[in-house]
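Please work through each task before reading its solution.

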Amino acid sequence: MHVHITYTGGTIGMVDSPHGLVPGADLEGWLTSLLEGTPLARSVSVTSLDPLIDSSNATPLSWQAIVDDLRSHADQTPEAAFVVLHGTDTMAYTSAALSYALTDLSTPVVVTGSQLPLGVLGSDAAANVTGALKAATSGRIGGVSLFFGHRLLAGNRATKSSSWAFTGFESPNAAPLATTGAPWQWAAQTPTGTGWKDAAPYARHDVVVVDLAPGITATRLEALLTPLPEAVVLRAFGVGNVPSQEPGLTAVVERAIAAGTAVVVASQCHESEVLLGHYEAGDALARSGAVGSRDMTLEAAYAKVQFLLSQGLRGPELAAWMGRSIAGELTQ
């Protein structure tokens, strides 16, 4: 089976420089040595995006560059599987974004990277890349997944949990798709969602993420939302609770929604399902027209808002889609 690798940058291929780690390792030479003597030795192609970036610099346009590369090679080799090498800082955002844009792709995409560069003794690069390749060629998965630290996670259910541990990522509200071992342990796949036919390309939209904290005032929240963005992801407490007794706070949200800005309420808890109105502290948001992100991760919710805006949705129409599963990103 042919596997195409899209290399975007990230720690895995970085080398030391006077200003810190930068892309520069001989990734293709390393891959050749890594796969020598295996069935994939001459069945892997590589594209290096230009420029290679630290994933902290990724934008929705970076997501689209990956989508374009994957689609181009899918057209050339329809039976190919795909692996994306990516930096860890925004890997969960990218894997969620790819999942929405590629629901019509018939072959799997596995995103991976590493906590240490490939040239460092003890690096996790080889284990993660070979694991991703095995997952991609297994015939057991579809859609977009993320392989890291001996676990295969649904790409839009993952979140970065550590900047140093080799596990690196967690899937707080969905079980892993597989765990490595001898043999691998496979779990039932998550639902795929409705899909999205003929997805328009990602564009860069004005979406702001706001974390609430005890003591935030209506004046401060209004300042954070001025000028009004196209959409807001409001990270509230627990199951979607806000300081409802803070004078004027929910009125700020109501005015934003009335002006056409979609407001999506997420939770600051990794393990949670947003249920607006479950407590009085969240009821005012529900009545104002805000919608909850259900049990999506922040990365999945943010990428989904960017995806929906790129499809031309706004306001209430966008908000309505936040509760519908496009690619298995939330529990039905």
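UniProt positions are given in the numbering used here, with shortened feature names, and annotations may be inferred rather than shown by experiment. The model is predicted: local features need pLDDT of at least 70 and side-chain atom pairs count only at pLDDT 80 or more, while totals for chains, interfaces and linings use all residues. Residues are numbered from 1 along each chain as its sequence is written, and side-chain values use heavy atoms, leaving out hydrogens and water.

**Exercise 1.** Describe the secondary structure of residues 2-186.

Solution. An unreviewed UniProt entry lists residues 2-186 as "domain: L-asparaginase N-terminal".

**Exercise 2.** Determine how helices H2 and H3 pack.

Solution. Step one: H2 comprises residues 60-76 and H3 residues 91-101. Step two: their axes (lines fitted to C-alpha atoms over the stretch in contact) lie 10 Å apart, at an angle of about 50° (on a scale from 0 to 180 degrees between N-to-C directions). H2 is therefore oblique to H3, since angles under 35 degrees count as roughly parallel, over 145 as roughly antiparallel, 65 to 115 as roughly perpendicular and the rest as oblique. Step three: Trp63, Ile66, Val67, Leu70 and Arg71 in H2 meet Tyr93, Thr94, Ala97, Leu98 and Ala101 in H3 (contact: heavy atoms within 4.5 Å).

**Exercise 3.** Which residues does Leu98 touch, not counting those up to four places away in sequence?

Solution. Leu98 touches Trp63, Ile66, Val67, Leu70, Val84, Val111 and Val144.

How values were computed
Helix = DSSP H or I, 4+ residues; strand = E, 2+ residues; numbered from the N terminus.
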